[in-house]
Amino acid sequence: MDLKEKLLSSFLVFENQTEIDSYVSDVRNDAIKAFEEKGFPTKRDEAWKYTSLNKLLKEDYSVFPKQENALEYREVKKYLIHEIDTYKIVFIDGKYSSHLSETTHDGMDVCLMSAALNKPKYRLVIENYFNKAATDDSLTSLNTAFSKEGAYINIPKGKIVEKPIQIIHFSTGNESATMLQPRNLIVVDENSHVQIIERHQSLTSNPVLTNSVTEIFAKKRAIVDYYKIQNDTIDASLIDNTFIKQKQESIVSVHTFSFGGKLTRNNLNFYQEGERIDSTLKGVTIIGNKQHVDHNTLVHHIEPNCESHQDYKGIFNDNATGVFNGKVVVEKEAQKTNAFQANNNILISDKATINTKPQLEIFADDVKCSHGCTIGQLDESALFYMRSRGIPEKEAKALLMYAFSNNVLSSVKIPEIKRRITKIIANQLGVDIGFDL
Amino acid sequence: MSKYTEDDLREELKTKEYEYGFYTDIESETFPNGLNEDIVRAISKKKEEPEWMTEWRLEAFRIWKAMEEPEWANVNYEKPDFQGISYYSAPNSKPKYDSIDEVDPELLATFEKLGISLDEQKKLAGVAMDVVVDSVSVATTFKKTLAEQGIIFMSISEAIKEHPELVKKYIGSVVPQKDNFYAALNSAVFSDGSFCYIPKGVRCPMELSTYFRINQAGTGQFERTLVIADEGSYVSYLEGCTAPSRDENQLHAAVVELIALDDAEIKYSTVQNWFPGNAEGKGGVYNFVTKRGLCETNAKISWTQVETGSAVTWKYPSCILKGNNSVGEFYSIAVTNNYQQADTGTKMIHLGKNTKSTIISKGISAGKSQNSYRGLVQINSRAENARNFSQCDSLLMGNECGAHTFPYIEAKNQTAQIEHEATTSKIGEDQIFYCNQRGIDTEKAIALIVNGFSKEVLNKLPMEFAVEAQKLLEISLEGSVG
């Protein structure tokens, strides 16, 4: 039985288990129909031209984890940003782990999607926001159909959340292969400010496929800082679908750090539904082995006077493959839009591949839009300069590569994350220096 | 060209309608509509082609039948009815003439209106013309001069008869029959086109030029051009087009193959000004062209194009940089106005070591038109030290048009150096103001700015074409800015 059939039949079981809420159940039923019709994307789909899911889909994934699994804090401490105080929403094999988490209902909601979907007091929020930003492409629909658990964050008007929120998904590999479908909903009301860190971590050598959907709504003048840390094992794959709707004068930035995983696909979509909005999409990708990272971004400029900034850096070693597909759409009404997109790549192995497609679709005339894309090498003369001053070749190269990705790191607002990422980069480049020269 | 004085230009600017939209009433011999194996055989027979050519066409037809029309381009149009087209039409007043005086006077008048009177052409700048009216070559000039150098420049149907070994060796070698839907169709039914062979070490003394025209109502034009530059040779080839006004959409599916052997250089320039449809978007030519060049060691192919016409353009002149140290260049200006749609760009396939490519694409959209750049830069794993520079700039006029960029960049070698840049902008009010202040009216100022925007590409055109192209840009954008 192939995965699609398995999922379709699992849905029937799933639908019977869950409570019948007419709204959510309708959404799920429509979604499964959309998935059934579309199936998994293939290389024939333009958006998936450079990324094939074929191998991943051959595994016999268990869709619902059979037994619960507990993890001790000390086992997973290193995967958390533990140096600072944070709210934590932790899941183990898709199930909420209360003893690892720290949630709140004090003046805001930092809690669970399952609670939001089932409790009547959240009904209005769910009807207003659930699945309102997500599109009906096949993988998102699949997630929608099975949406049950994840993080639910609702920040009311004028609230500045004093500490960052971590959303962490662990998979333990109790089953031979696991498929996880977390669903997050984040609503940030007017004038509020929140910082969120998301991480998916596999603790097993069994294959894990995560198909995650996150919807973020940033209301008037809201500020959202979102960090995705992707440093998973070679057997874990992630398809991350993020949909962000912004209202006027809101500022949303998403930083994606991709350092590991068998296949990582980031679908990051911004919809600007107001004036004077600022969107930032940045990413650093440093991978080797046979890893594959695909960044697929969309910024939809609908209203005038908005800005978007994209900056993606990639360093590819061994047999790694990098894909960047960035799309900027500027609608007719979106005059005075400033949209910038940059994608810079370094190949450091003969077998590494980079495919990039920066795409502009512009329907308004009074705009400033540009994209730049480069593929190149480290500067020989810069290397020579450093080596002539006693810095060994390996370290010199690492320094250059760190400098190359520093543009992205410099806009990270949580120092702990910056430190953590710097450490991962040093590790990734095989050097033991702090870069804080 | 000395033809265009300022007075002419002023006159032209007054007549916004397509001034080349007339119909020459020449008695034409036209095949019945539709396409099947018999028609393919009949075309081949009509052209007195050898057996292998007929078979080659039939093979292409069989491939075409199994193919589907591509849908990926960023254009919307009513699909042509391939069974509703006549696949062969030739001016009737054959056979060939020794001198121009014998040519049907009406045909000569057509050329006169197009501003390409053969007499004048002969005197001017030494341009040899292989004039194609509705697919059959009726006049070839300067053939003798060229023949002295060993250069073969003739219609492809003649070449099939006279130089079968060359045609057989190279036709389909760069654009195989199965390449794409329109290339397959063209391979099956191509009616005529140009053939050019430059022998080893010869530098072609003049710009070679052809004019294509679509003349007979409801006739699709399927030319096939094959240019072979043997080792160490050089040729500059010009192609320019105008077509009469017609209400039903006309299909044009040409194939151009360039082969640059070791150390050879080919410069291929196009000015395309087919009927773009009227201001309401009615009529106009469908232009689905496959152009590709193959570079051997140290060879260079340079494509320059100015696209102002056609209702729908679908065109990607490409270079396969097979040999080491080979160079590919692409310079393009695409102008769309009213309801025109253009999806154009290039493919640079780097296979050899130290290969270089440059892409400069300028898109200008006005009215309700859509202008897309679609390009591919591919560095294969064995292409050491490949270098690419791409620049795509778009200029938008008014907020009902669109500019799109779809660049694909695929690198499989760590020594590759690729740069891609794209910008979108509009004509600045301050720029216009600056011109106005110095006594240049807005219309002229826009022409000036557009000219400056396209300069990098215009500079690459041969002299005669550059003047014409500049004028075309002005006419195409006339009235598009209020």
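A word on terms before the first stop: a residue is buried if 20 or more other C-beta atoms lie within 10 Å of its own, exposed if 12 or fewer, and partly exposed in between, with C-beta atoms placed from the backbone. Helices (H or I, at least four residues) and strands (E, at least two) are DSSP runs, numbered from the N terminus. This is a predicted model, where local features need pLDDT of at least 70 and side-chain atom pairs count only at pLDDT 80 or more, while totals for chains, interfaces and linings use all residues. Residues are numbered from 1 along each chain as its sequence is written, and chains are lettered from A and ligands numbered from 1 in the order in which they are written.

**Stop 1: a helix in chain B.** Select residues 37-46 of chain B, which is helix H2. Which of its residues are buried? They are B:Val40, B:Ile43 and B:Ser44. Look down the axis of H2(B): the buried residues fall within an arc of 95° (taken from the directions from the helix axis to the C-beta atoms), so they line one face of the helix. Following H2(B) you'll find B:Glu48, with a positive phi near 50°.

**Stop 2: all of chain B.** Zoom out and you have twelve helices and 24 strands in chain B. Of its 482 residues, 54% count as buried. Take the chain B contacts (C-beta atoms, placed from the backbone, within 7 Å) between residues at least 6 apart in sequence: 84% of them join residues at least 24 apart.

**Stop 3: the core.** Next, select B:Cys196, B:Ala229, B:Ala260 and B:Ile266, which touch the most other members of the largest nonpolar core, a set of 221 residues. Such a core consists of buried Ala, Val, Leu, Ile, Met, Phe, Trp, Tyr and Cys residues joined through C-beta atoms within 7 Å. Show the neighbours of B:Ala260: leaving out residues up to four places away in sequence, they include B:Ala229, B:Ile266, B:Leu294 and B:Ile301.

**Stop 4: chain A's domains.** Colour domain 1 (3-273) and domain 2 (379-437) of chain A; these bounds come from an automatic or database domain assignment. Their C-alpha centres lie 32 Å apart. The contact takes twelve residues from domain 1 and ten from domain 2.

Terms used. Two residues are in contact if their C-beta atoms, placed from the backbone, lie within 7 Å.
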